[in-house]
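This report is written for a reader who is meeting the structure for the first time. Please look through the sequence and the model before going on.

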Amino acid sequence: DEYFYVGSQKGAYQMDFHWHGIKVISFTPFIKDFFCGKMIFGPRKRLDQTLLQHPSPLFIWVLVGRFEVKVEKKQLLLREGDNLFFNGILKHSFYNPLERESVFLMITAPSFL
């Protein structure tokens, strides 16, 4: 059991960032080496690099909804099924323009938490 973790869609743990309107569901245990989980954005919620200021690569895959993403001066629209890979040290932000929740999967090593 110390060498593997079997999870479910509920994840290993959940964190609510009420002031941002965002929930984080981690599919991996809380370890510094790796993070894989869902970021659930409430309607019209925005997040910049203050929460995800991370000097390592980030992989984002849109599962539900869409996101307006800005990395440095590049503006992108990501829809369900689209993904983005970039260095988290770059200035970035995510915005859910919809009136419903939007969700992306995020993978990063080491963990941003």
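## The segment before strand 1

Phe4 is found in the segment before strand 1 (13-17), where strands (E, at least two residues) are DSSP runs numbered from the N terminus. The model is predicted, so local features need pLDDT of at least 70 and side-chain atom pairs count only at pLDDT 80 or more, while totals for chains, interfaces and linings use all residues. Residues are numbered from 1 along each chain as its sequence is written, and side-chain values use heavy atoms, with hydrogens and water left out.

Phe4 has a relative accessible area of 54% and is therefore exposed (exposed means over 50%, buried under 20%, and partly exposed in between, with a 1.4 Å probe and protein chains only).

Strand 9 runs antiparallel to strand 4 (residues 46-48), to which three bridges join it, and Tyr95 is the bridge partner of Arg46. Strand 6 (residues 66-71) also pairs with strand 9 in the antiparallel sense, over four bridges (pairing requires at least two DSSP bridges between two strands), and here Val69 has Phe94 as its bridge partner.

## Thr108 in strand 10

Thr108, which lies in strand 10 (residues 102-108), counts as buried because its relative accessibility is 2%. Leaving aside neighbours within four places in sequence, Thr108 is in contact (heavy atoms within 4.5 Å) with Phe34, Phe35, His54, Ser56, Pro57 and Leu58. The side chain of Thr108 also reaches the backbone oxygen of Pro57 at 2.8 Å.

Technical notes
Polar contact = N/O pair within 3.5 Å; in protein donor to acceptor, adjacent residues only side chain to side chain.
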